[in-house]
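Please keep the sequence and the structure in view while reading.

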Amino acid sequence: MTKERLYLFDTTLRDGAQTTGVDFSLEDKRRIAALLDDLGLDYVEGGYPGANDTDSEFFKSKPAFRQARFTAFGMIKRAGRSVSNDPGLQALLTSAADSICLVAKSWDYHVRVALGISNEENLKGIDESIRAVVASGREAMLDCEHFFDGFKGNRDYALAVAKTAYDAGARWVVLCDTNGGTLPHEVERIVAEVARHVPGKNLGIHTHNDTDNAVANTLAAVRQGCRQIQGTLNGLGERCGNANMTSIIPTLLLKKDFAENFETGVTPERLRTLTHASRVLDELLNQAPNRHAPYVGDSAFATKAGIHASAIVKDPETYEHIPPEAVGNERHLLVSKQAGRSNVLASLERLGLATDKDDPRIQSLLDEVKSRESAGYAYESADASFELLARRHLADVPHYFSVDSFRVMVERRHNALGELVTVSEATVKVFVNGENDPLWSAGEGNGPVNALDRALRKDLGRYQKHIESIELVDYKVRILTGGTEAITRVLIETFDNATGERWLTVGVSPNIIDASFEALLDSINYKLLKDGATAA
């Protein structure tokens with residue numbers, strides 16, 4: 001049976017750039033665009049030429065894409081101006097884009113209130129602008145802004161906007177749920193009706209996630225005829241984000257109802273790079289990946305309960321809806337006080353510490369994990385600390401160094417400018433294994449933990465070369481019991497700039513500095529272990 005082609009349109013670099021706290025540089029845009037092309041997407045919307053210096057520079061030359069069409073975004077011509085006398089439209093027509101996506105109001109309420117023009121004038125602007133794009137030799141498409149709200153408010157006018165764009169030569173007429181408030185059953189009903197006026201092979205869908213239904217709305221639209229899908233990597237976008245391509249793409253390829261009827265430009269081989277692409281974007285944004293993201297998150301294929309783990313070891317399909325390797329992810333059987341022997345055995349095998357299931361050390365390791373978790377430790381998140389614990393229990397972990405003592409001082413004082421500031425300083429005394437003389441180091445930081453981290457990593461003698469590439473990127477504190485004398489758990493996330501690897505370590509103590517220091521020590525020891533450093 002012949003499958004219908006679905007076209008994937010990524011707007012990470014345009015609509016995703018409207019995410020709070022996101023500001024792509026020119027190099028960021030170039031790298032992400034190449035990443036999206038490598039993934040197999042059909043369209044990469046690069047931004048809005050003329051809107052800012054970065055986008056204008058980006059559109060001066062066309063990226064060397066293997067598959068994707070380089071797409072520019074912009075508005076239809078302004079009312080009262082000709083096509084040739086509209087700077088915004090001319091910036092699009094002179095750009096290096098293969099395709100041009102124009103946006104226009106499709107809700108008569110917005111035409112009246114936001115634009116202050118007549119419905120007919122808006123339709124005329126759409127017609128003339130689409131025809132200008134087609135005349136330039138580019139592929140034309142129209143984002144029908146607020147289409148679903150407009151359809152519910154004035155069905156005939158919303159349809160007139162879509163039909164005008166199609167009749168003028170638009171390859172794609174994209175139905176936009178701009179406010180993100182439409183629900184799946186509404187999308188199905190409305191798209192089915194629009195498809196009776198504009199062929200589905202020319203319809204696209206663009207949804208926002210304000211009701212957490214963007215992916216569901218997108219799939220509903222595909223079921224009713226839309227053949228272009230717009231979204232963003234990791235669901236970036238203003239407010240609550242856009243439809244998440246990292247959820248949509250594997251659903252289309254791996255779920256029977258879609259996989260048997262549709263095909264995309266993403267091959268199974270490219271799909272296996274999806275998790276990598278998601279993590280690269282997070283790294284460029286300097287943010288921690290969403291551990292609970294479907295398909296690509298660290299927890300997407302993580303199992304904590306012992307009975308579940310036991311079943312997964314026998315047959316992964318018992319608790320996994322797809323093989324994690326299909327999207328470039330991996331299975332995690334977590335070790336915690338809820339875990340059983342199966343979790344421990346699976347975790348040890350993943351670490352390269354495969355052990356006979358009847359080895360008495362397995363039960364003693366599990367007993368120790370449960371005992372430590374009862375005291376406040378959390379190994380389900382802190383994989384690196386668990387690996388150190390397991391290796392110390394079942395194998396040898398080199399003794400690289402020991403900290404004889406440390407001191408942390410926090411002082412609030414006036415600086416030379418008379419400003420009231422808080423200064424944190426730390427000193428550590430370290431003995432490197434095999435050496436008799438101690439190493440003293442001091443550091444200042446933004447708070448006592450940062451100062452202690454800097455002091456500890458300032459000089460580790462012959463091990464210094466191994467730790468120069470790592471940095472503390474996240475720090476979480478949880479109070480486990482009440483009162484100022486409470487037990488504190490600290491989770492530290494470390495990033496290795498040399499390898500791109502991240503790991504988490506844990507420390508527990510009534511003293512927050514002690515807990516932090518324990519986690520810091522685990523982080524450094526884990527790095528030395530992974531680098532194969534040897535002790536004297």
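## Charges over rings

In this predicted model, Arg171 lies over the face of Tyr7, at 5.7 Å from the ring centre. A second case involves Arg14, whose charged end sits over the ring of Phe73, 3.7 Å from the ring centre.

Strands of a sheet pair through backbone hydrogen bonds, and the pairing is either parallel or antiparallel. Here eight strands form a closed barrel in the order β2-β3-β4-β5-β6-β7-β8-β9, and the pairing is parallel. From one strand to the next, the twist averages 25°.

One of the pairings joins strand β4 (residues 69-75) to strand β5 (residues 99-105), in the parallel sense and over five bridges. Within this pairing, Thr71 has Ser99 in β5 as its bridge partner.

## Aromatic pairs

The count of aromatic pairs comes to 14.

| Pair | Centre to centre | Angle between planes |
|---|---|---|
| Trp107 and Tyr109 | 5.2 Å | 50° |
| Trp503 and Tyr526 | 5.2 Å | 50° |

Trp503 lies in strand β18 (residues 502-509) and Tyr526 in helix α20 (residues 512-530), so this pair ties together parts that are 23 residues apart in sequence. Both Trp503 and Tyr526 are buried.

Are the two residues of the other pair, Trp107 and Tyr109, buried or partly exposed? Trp107 counts as buried because its relative accessibility is 19%, and the limit for buried is under 20%. Tyr109 has 39% relative accessibility, so Tyr109 counts as partly exposed.

Ring pairs also link residues into a cluster, made up of Phe58, Phe59, Phe65 and Phe70.

## Nonpolar cores

In soluble globular proteins, nonpolar side chains tend to be buried together. How many residues does the largest nonpolar core have in this model? It has 86 residues, and those with the most contacts inside it are Leu102, Leu142, Phe147 and Ile229. Helix α7 (residues 155-167) gives the most to this core, with six residues.

Which residues does Ile229 touch, not counting residues up to four places away in sequence? Its contacts are Leu6, Tyr7, Leu8, Phe9, Ile205, Thr218, Val222, Met245, Ile248 and Leu252.

Another core, of 32 residues, lies apart from the largest one. Among its residues are Ala384, Ala426, Ala455 and Phe517.

Key:
Residues numbered from 1 in each chain as written. Predicted model: local features only at pLDDT ≥ 70, side-chain atom pairs only at ≥ 80, totals over all residues. Heavy atoms only, no water. Pairing = 2+ DSSP bridges. Helix = DSSP H or I, 4+ residues; strand = E, 2+ residues; numbered from the N terminus. Axes fitted to C-alpha atoms, helices over the stretch in contact; angles between N-to-C directions. Phe/Tyr/Trp six-rings, centres within 6.5 Å; stacked < 30°, edge-to-face > 60°. Buried < 20%, exposed > 50% of the residue type's maximum accessible area, 1.4 Å probe, protein only. Lys NZ or Arg CZ within 6 Å of the ring centre and 35° of its normal. Core = buried A, V, L, I, M, F, W, Y, C linked by side-chain atoms within 4.5 Å. Contact = heavy atoms within 4.5 Å.
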